[in-house]
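I set down what I looked up, in the order in which I looked it up.

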Amino acid sequence: MPAEATHVSGKRSPKSYEGFDAVFVGGGVIGLAGAWRAAQGGARVCVLERAEPPAGATKVAAGMLAPVGELTFGERELLEMTLASGALWDDFAAAVEAAAGMAIGYERRGALHVALDRDEAGELRRRHDLQRELGLGAEWLTPRRCRELEPGLAPTFAGGVLAPSEGSVDPRLLARALAAALREAGGELRTGTEVVDGLWDGERLVGVRTAPAGPDRATSAEPPRVEVRADAVVLCNGAWSGQTPWLPEEARPPVRPVKGEVIELRPREGAPPPAGRIIATERVYLVPRPDGRLIVGATQEERGFDTVVTAGGVHELLREAYRTLPDVAEMELAGTIAGLRPGTPDNLPIIGRGAVDGLVLATGHFRNGVLLTPLTAEAIAATLAGGEAPASAAVADPMRASLVAQRATKDDDPNPFPFVAQRATKGKGSLEVTR
Ligand SMILES: Cc1cc2nc3c(=O)[nH]c(=O)nc-3n(C[C@H](O)[C@H](O)[C@H](O)COP(=O)(O)OP(=O)(O)OC[C@H]3O[C@@H](n4cnc5c(N)ncnc54)[C@H](O)[C@@H]3O)c2cc1C
């Protein structure tokens, strides 16, 4: 075992620390899936995670796989990525489940987007026009037709759009399954291990230095440090990837945390679930899980690294859920949680070789990280193998003009991405409610 209090798992000997092909900083869905795919291709990989998967945004996400409903004006490039990744999900889910020997709650029940009043109907119509223009599978339905599909909907509302191919997955089960699949493929996962520094050979990044995370670190005066060497360091630690002082400034991805709160409702004994598919409005979405739970999300706020669940956030979510599906009032309030989406200046992820040799970036997945997991994993595996990443991931190039320009202008600005703080939100009210 290493000197630090880490938990090492996988088929490789715990002593064989040196000489990985790639070390992954962060074991959220992106790091675990990328490492798994790379290991399947024969790479020797190690994932370093300071907590225990599921953690980070992965633990909080609702797990909607909804490129059509998430369509936002002006985000055409993101749509192409989300559609491409959405198309990979059937095979990806089957492969993860087979490798891990466990279910991940993957379903394609479709999504129904409803407009609760005339203003919302106007907005939904505009979005639906765009969906049709782009040839996306979405159908406008009258309130009566909506209620035939979902009898639990509120008695009055203005109309809806059905997107039949949208789906969902349970991100917590997905993370556990990916961890198992990674081990099965011969990869290592070290939990309770925080990356605190880089290892350099001149200008080239050749690995990372770790320290124990959590209580072990707090009780240790001089926490032991362990070096993990690798040909490539994949930075995939989500909202924290912009906080990497051990990288030169030009190599740090411009990622910021965007807070989101969700609540979990459970049906009473014997009561039917209040909805059969994903139900979404301008202000809230409700995602059914196969076991009957309902995930209600999500607020969206720019509050730095704050993950406190607020009374106001829970109130907004419950109020909007009740306006949409009144039967939620009878459900058990099973839990509340807040997490941090990794936001970027242009709302696109950042995937590919970084600004220093040895660095690969896979971060900034913002509202769509679960949906984008299969495509990102393929892109990471291809990049590490020296091959071509899928064409649909090209827009996520770390060297794209919008990111480079951003870095060049930010200098000492304490909020380096001010325009995004406004742009990234949708929805209404003092507290934005969205994915
Ligand atoms: C409220 C909410 C709802 C969402 N809903 C959806 C949804 O419906 N559909 C969808 O597609 N996406 C959704 N998302 C977005 C999605 O959760 C993220 O885009 C995705 O989880 C990003 O994955 P990741 O692996 O990059 O980051 P994370 O899941 O945040 O994982 C990063 C990991 O890195 C670890 N870490 C950080 N620093 C270090 C370090 N120095 N050393 C070691 N480990 C470190 C953290 O502990 C964490 O486990 C939602 C997010 C939120 C917050």
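I looked up F366 and found it in the loop between β19 (359-363) and α9 (373-384); helices (H or I, at least four residues) and strands (E, at least two) are DSSP runs, numbered from the N terminus. F366 is not a glycine, yet its phi is positive, at about 45°.

I noted the basis of the entries: the model is predicted, local features need pLDDT of at least 70, side-chain atom pairs count only at pLDDT 80 or more, and totals for chains, interfaces and linings use all residues. Residues are numbered from 1 along each chain as its sequence is written.

I looked up N347, another residue other than glycine with a positive phi, here near 65°. N347 sits in the loop between β17 and β18 (350-353). N347 has 19 C-beta neighbours inside 10 Å and therefore counts as partly exposed.

I turned to the cis peptide bonds. The bond from P53 to P54 is cis, with omega near 5°, and P54 belongs to the loop between β3 and α2. The bond from G297 to A298 is also cis, with omega near -25°; A298 is placed in strand β16.

I looked up E250, which is in the loop between β12 (226-235) and β13. E250 counts as exposed because it has 11 C-beta neighbours inside 10 Å. Between E250 and A355 there are 105 residues in sequence, while their C-alpha atoms are 6.7 Å apart in space.

I next examined the ligand. Which residues come nearest to the ligand? Of the 43 residues around it, these are G28, G56, G238, G260 and G369; a residue is near if its C-beta atom, placed from the backbone, lies within 6 Å of the molecule. Elements that give two or more residues to this shell include α1 (29-40), β3 (45-49), β10 (193-201), β13 (256-266) and β16 (294-300). Helix α2 gives the most, with 4 residues.

By class, I recorded 21 nonpolar, 16 polar and 6 charged residues in the shell. Here Ala, Val, Leu, Ile, Met, Phe, Trp, Tyr, Cys and Pro count as nonpolar, Asp, Glu, Lys and Arg as charged, and the others, Gly among them, as polar. Domain 1 (7-60 + 173-255 + 345-415) and domain 2 (108-166 + 257-342 + 426-434) each supply at least three residues to the shell; the domain bounds come from an automatic or database domain assignment.

Helix α3 (residues 76-100) and helix α6 (residues 171-184) pack at an angle of about 65°, with axes 8 Å apart. Axes are lines fitted to C-alpha atoms, for helices over the stretch in contact, and angles run from 0 to 180 degrees between N-to-C directions. On the α3 side I listed V96, E97, A99 and A100, which meet L174, A177, L178, A180, A181 and E184 in α6; contact requires C-beta atoms, placed from the backbone, within 7 Å. The residues of this contact divide into 8 nonpolar, no polar and 2 charged.

The chain has 11 helices and 20 strands, and 50% of its 435 residues count as buried.

Note on methods: Contact = placed C-beta atoms within 7 Å. Buried ≥ 20, exposed ≤ 12 C-beta atoms within 10 Å, placed from the backbone.
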